[in-house]
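Here is a briefing on one protein model. Please look over the sequence and structure first, then read the points below.

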Amino acid sequence: MIKKALSLLLVVVLFSSCDDKKAQRFVGKSSGNINSVVVVADNQLWEGRVGDAIRDVLAAPVEGLSLEEPQFTMSQMPTQVFTGFAKKNRTILKIEKGKEASTKVAADAYATPQTMVVVSGMTNAEIINEIETNAAKIINAFKKTELTERQRRTSKSLFNDSKIKEQLGISLKFPSAYRIAKSDGDFFWIRRDIKTGNVDLMVYEVPLSAIRKGDSTVLDVIRLRDSVGKIHIEGSVDGSHMATEPHFTPYIKESIVDNKPAFETKGLWDLKNAFMSGPFINYAVEDKVNDRYIIVEGYVFAPSVEKRDYVFELESIIKSLVIQ
């Protein structure tokens, strides 16, 4: 009798395990362009004040670009057509009216990897309040997913960074489409050619004392990047070199890279005595163990085209930094 009971229990467990595996198999891979969000909302909501609130959050301009570009590219669909392949999008904002007010983040609900933010409220006013109150939460959830996806795509074909690791004691994951254009002591200039220009990285170290914390931080970061640009990034015209665009106030904030404190600075660069410019994103990562900051900066030269996704690619590379 005991043996029969154990056998029956084993069969139940096996069937349950099979059901679980089948359920996992039915959750397919997600899809979608980087920094694109599908908004599931009835047309009346999308075309009214609720839609305005969504656009104010998700389509807010990216900081540090010369021309305004939205943080996310959005496409909207009514709830009734949110079926089948539409549910496979990687990032989804779903609006549900007539339910208790809340903002919830769901992972891998219909595909993997996937982040779906569900905002609900009994009235339009409640939904708008949820969107505005949880704006940072919504943006961070989507951006984290997109950074991970961008890094996953990069990992398919990585450049061999052994030379950088040997010289600076760090690892940095960037695509094999890049090349080391210049290596001078502890300075590396890494480049990728694109149809309209180039996407570049600079990697170097400075003493901890080179960047003061407080009101002087941004001044020190700019002073350092200008001095490095003058020495290492020269233009084809005699006397031309990279510097920070003086008429555009840089944006700076505290961040975390490799679980270490960092300063993130965004602004515009230009080539002195030449007609070249574009956005840059600079991270100064504190390495107390080695009494230094590791500086990793990405910048873009791509006239007449949108630059958001190029800067985002550079940010994803910089955030792969690991100090040995």
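Strand E15 is mostly covered, with 10 of its 11 residues buried. Buried means under 20% relative accessible area, exposed over 50%, and partly exposed in between (1.4 Å probe, protein chains only). Strands (E, at least two residues) and helices (H or I, at least four) are DSSP runs, numbered from the N terminus.

This is a predicted model: local features need pLDDT of at least 70, side-chain atom pairs count only at pLDDT 80 or more, and totals for chains, interfaces and linings use all residues. Residues are numbered from 1 along each chain as its sequence is written, and side-chain values use heavy atoms, with hydrogens and water left out.

**Strand pairing around E15**

- E15 pairs with strand E14 (residues 260–271) in the antiparallel sense, over nine bridges. Two strands pair if DSSP finds at least two bridges between them.
- In this pairing, Lys-266 stands opposite Ile-281 of E15.
- E14 and E15 form a hairpin with five residues between them. Asn-273 in the turn has a positive phi of about 65°.
- E15 also pairs with E16 in the antiparallel sense, over eight bridges. Here Phe-280 stands opposite Tyr-299 in E16.
- The hairpin of E15 and E16 has four residues between the strands. Asp-291 takes a positive phi near 55° there.

**Nonpolar core**

- The largest nonpolar core has 29 residues. Such a core is a set of buried Ala, Val, Leu, Ile, Met, Phe, Trp, Tyr and Cys residues joined through side-chain atoms within 4.5 Å.
- Residues with the most contacts inside this core include Ile-170, Tyr-178, Val-296 and Leu-321.
- Helix H6 (162–168), strands E10 (187–194), E11 (197–207), E15 (277–287) and E16 (292–301), and helix H8 (308–318) each supply at least two core residues.
- H8 gives the most to this core, with four residues.
- Beyond its neighbours within four places in sequence, Leu-321 is in contact (heavy atoms within 4.5 Å) with residues including Ile-170, Val-257, Val-285 and Val-296.
- In soluble globular proteins, nonpolar side chains tend to be buried together.

**Salt bridges**

- The whole structure has 23 salt bridges. Each is a side-chain nitrogen of Lys or Arg within 4 Å of a carboxyl oxygen of Asp or Glu.
- Asp-220 and Arg-212 meet through their side chains at 2.9 Å, N to O. Asp-220 is buried at 2% relative accessible area, whereas Arg-212 is partly exposed at 47%.
- Arg-308 bridges to Asp-309, with the closest N and O atoms 3.0 Å apart. Arg-308 is buried at 11%; Asp-309 is partly exposed at 35%.
- Lys-319 bridges to Glu-315, with the closest N and O atoms 2.9 Å apart. Lys-319 is partly exposed at 28%, and Glu-315 is buried at 3%.
- Salt bridges that share partners join Lys-94, Glu-96 and Lys-99 into one network.

**Largest pocket**

- The largest pocket has a volume of about 650 Å³. A pocket is an open set of points on a 1 Å grid over the protein atoms alone where a 1.4 Å probe fits, with protein on both sides within 12 Å along at least five of seven lines; lining residues have an atom within 4 Å of a point.
- Of its 23 lining residues, the closest to the centre are Gln-71, Ile-139, Lys-143, Lys-253 and Glu-315.
- Helix H5 (135–154), strand E13 (251–257), E14 and H8 each supply at least two lining residues. H5 gives the most, with seven.

Terms used. Points joined across faces, edges and corners; volume = space filled by probe spheres on them.
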